[in-house]
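I opened a new notebook page for this protein today. Here is what I looked up, in the order I looked.

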Amino acid sequence: MGENQHILTALVSNKAGVLNRVAGLFSKRGYNIESLSVAFTEDRKYSRMTIVVNGDDYVLEQITKQLDKLIDVIHVAQLKPEKSVNRELLLVKINAPADKRTEIESTIRMYKAKAVDLSPKSMIIELTGESNKIDGFLQVISEYGIIEMARTGLTALQRGFNSIKQFKDANEEEING
């Protein structure tokens, strides 16, 4: 993570248009989303967004306040990298001629990656890990020629027993009295 990168996690309503409203908020204010991952939670009424943004403390505060104002955003929190588990998923298709397969497989084992598809001339490799591990793997594997790749962007959870759902429950109690 860069010095000015921040990880935000948002619990939002799982319904049409919410992602568009959140992305629109960033766009209107000129803030760039470095990465974004979204999926429903253990309760399908809600989705969890993990948003990586660049900016100083003022920008982070403004983004957090603006997100909190959106009706479909239940709660927003910043995740500190040292107090959270952060992962990305990489799928990368590389050139894999027969004479290089042993060498490629050795690299795959070293990074604890997995070959998930094999064709006569190419291979698709899956790797999950922190962003710097993914970056390092890509740097090494790029010598074979990357045909195409897809990264999920960062997803993260706070370490320990606390969850973002606790904030949602507290808000509902306040609303319902």
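**Entry 1: the whole chain.** I began with contacts, meaning heavy atoms within 4.5 Å. Among those between residues at least 6 apart in sequence, 73% join residues at least 24 apart. I noted that this is a predicted model, where local features need pLDDT of at least 70, side-chain atom pairs count only at pLDDT 80 or more, and totals for chains, interfaces and linings use all residues. Residues are numbered from 1 along each chain as its sequence is written, and side-chain values use heavy atoms, with hydrogens and water left out.

I then listed the elements: five helices and nine strands. The C-alpha atoms fill a box of roughly 70 × 30 × 30 Å along the principal axes.

Of the 177 residues, 37% are buried. Buried means under 20% relative accessible area, with a 1.4 Å probe and protein chains only.

**Entry 2: strand E3.** How many residues of strand E3 are buried? I found eight of the nine in E3 (residues 46-54).

I looked next at its neighbours; two strands pair if DSSP finds at least two bridges between them. E2 and E3 form a hairpin with five residues between them.

**Entry 3: Glu88.** I picked Glu88, in strand E5 (residues 84-95). Is Glu88 buried or exposed? It is buried, with a relative accessible area of 8%.

I checked its polar contacts, which are pairs of N or O atoms within 3.5 Å; within protein, one must be able to donate a hydrogen and the other to accept it, and residues adjacent in sequence count only if both atoms are side-chain atoms. The Glu88 side chain has one of 2.4 Å to the side chain of Ser131 and one of 2.9 Å to that of Arg151. Leaving out residues up to four places away in sequence, Glu88 also touches others, including Leu127, Ile134 and Leu154.

Methods. Helix = DSSP H or I, 4+ residues; strand = E, 2+ residues; numbered from the N terminus. Buried < 20%, exposed > 50% of the residue type's maximum accessible area, 1.4 Å probe, protein only.
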